[in-house]
Amino acid sequence: MADLFVKQAKEYADARPSYPPQLFQFIASKTPSHNLVWDVGTGSGQAAKSLAAIYQNVIATDASARQLEFAAKISNVRYQHTPSTMSMAELEKLVASEGSVDLVTIAQSLHWFDLATFYQQVKWVLKKPHGVIAAWCYYLPRVCDEVDTVLDEFYSSEVRPYWDPARKLVDKLYGSIDFPFEAVEGADHTGPFEFVTETLMDLDDFLTYIKSWSAYQTAKEKGVELLAENVVQKFKLAWGEDGKRVARFPIYLRIGKVGNA
């Protein structure tokens with residue numbers, strides 16, 4: 001998974017959306033204490049930055065050292081490069097000890113993981129019984145009818161053959177992803193719960209966002225330029241004369257507590 005984002009790490013840092021305060025407020029309201037978070041697959045630290053404003057300490061890990069180079073340096077965030085697969089001994093050494101973590105977060109990356117192994121580790125590091133795991137993905141942004149139509153057609157035709165099969169879990173908005181945890185206090189299910197994040201983009205920002213897709217890099221390595229001149233022209237015509245537009249990214253959250261597992 002880490003290799004899919006190495007070559008476009010800067011585009012990822014520049015173009016990927018941040019997440020809304022409401023998302024983190026909701027998650028934080030479900031953890032009884034706010035001492036320690038493990039942000040897994042942190043990338044360039046989009047979620048870690050917001051978590052650091054609520055929790056005393058954040059351990060933000062990623063298997064891509066290149067992505068971590070673009071993460072903002074924050075006093076209570078420790079960025080840690082980790083192997084794609086960690087032993088329990090490595091987990092304790094690099095991340096945290098057993099039963100010491102209040103919250104595990106995974107932003108836009110749970111679909112890449114070996115879930116059985118990862119969930120075993122989550123259940124080991126979380127405080128029992130109220131430690132919380134929160135994983136979310138976002139889907140295609142909504143800009144305006146004209147841009148959305150071009151984007152949806154581009155995504156479903158030109159881009160689809162280059163996505164890793166794991167992307168299907170995002171296409172299903174994390175509704176079908178395995179998530180063996182208990183509902184948090186005040187909820188009767190583990191989601192998905194819906195949120196939205198908004199960001200101002202011009203057309204160049206929007207195209208850079210597309211270039212940050214793993215499918216874009218996969219296609220490029222096979223000699224295919226997905227943003228060919230005719231495709232870019234379609235986006236230009238749809239975008240119109242407006243410089244900046246609001247792009248609304250729908251977010252889908254799965255959240256649960258570890259219980260006494």
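1. Two strands pair if DSSP finds at least two bridges between them, and strands (E, at least two residues) are, like helices (H or I, at least four), DSSP runs numbered from the N terminus. In these terms, strand β1 (residues 36-40) pairs with β4 in the parallel sense, over four bridges, and within this pairing V37 stands opposite L103 in β4.

2. A word on the basis of these remarks is needed before going further. This is a predicted model, in which local features need pLDDT of at least 70 and side-chain atom pairs count only at pLDDT 80 or more, while totals for chains, interfaces and linings use all residues. Residues are numbered from 1 along each chain as its sequence is written, and side-chain values use heavy atoms, with hydrogens and water left out.

3. Strand β4 also has a partner in strand β5 (residues 132-138), to which it is joined in the parallel sense over five bridges; here T105 stands opposite A134 in β5. Together with helix α6 (residues 115-125), β4 and β5 make a right-handed β-α-β unit, where right-handed means that, with the strands pointing away from the viewer, the path from the first strand over the helix to the second runs clockwise.

4. How many residues of strand β4 are buried? Five of the five residues of this strand (residues 103-107) are buried, so β4 is largely enclosed by the rest of the structure; buried here means under 20% relative accessible area, exposed means over 50%, and partly exposed lies in between, with a 1.4 Å probe and protein chains only. In a regular strand the side chains alternate between the two faces of the sheet. In β4 both faces are covered, with L103, T105 and A107 buried on one side and V104 and I106 buried on the other.

5. Turning to charged side chains, a salt bridge is counted when a side-chain nitrogen of Lys or Arg is within 4 Å of a carboxyl oxygen of Asp or Glu, and by this rule the count comes to nine salt bridges. One of them joins D171 to R160, with the closest N and O atoms 3.6 Å apart. The pair links distant parts of the chain, eleven residues apart, since D171 is in helix α8 (residues 168-171) and R160 is in the loop between α7 (145-159) and α8. D171 is partly exposed at a relative accessible area of 23%, and R160 is partly exposed at 39%.

6. Another salt bridge brings together the side chains of K257 and E185, at 2.6 Å from N to O. This pair links parts of the chain that are 72 residues apart, with K257 in strand β7 (residues 245-257) and E185 in the loop between α8 and β6 (193-201). K257 counts as buried at 13% relative accessibility, whereas E185, at 48%, counts as partly exposed.

7. E198 is in strand β6 and R248 in strand β7, and the two residues are 50 residues apart in the chain. E198 is partly exposed, with a relative accessible area of 48%, and R248 is partly exposed as well, with 37%. Salt bridges that share partners also join R160, R167 and D171 into one network.

8. The structure holds 24 aromatic pairs, counted where rings of Phe, Tyr and Trp (its six-membered ring) have centres within 6.5 Å, with planes under 30 degrees apart called stacked, over 60 edge-to-face and the rest tilted. Among them is the tilted pair of W163 and W213, at 5.5 Å centre to centre and with 40° between the planes. W163 is in the loop between α7 and α8, and W213 is in the loop between α9 (203-211) and α10 (214-221), 50 residues apart. W163 is buried at 12% relative accessible area, and W213 is buried at 3%.

9. Y209 and F249 form an edge-to-face pair, 5.3 Å centre to centre and with 85° between the planes. Y209 belongs to helix α9 and F249 to strand β7, so that distant parts of the chain, 40 residues apart, are linked. Y209 is buried, with a relative accessible area of 3%, and F249 counts as buried at 0%.10. Lastly, a charge is said to sit over a ring if NZ of Lys or CZ of Arg is within 6 Å of the ring centre and within 35 degrees of the ring normal. R167 lies over the face of W163, at 4.3 Å from the ring centre, and the charged end of K123 sits over the ring of F181, 5.3 Å from its centre.
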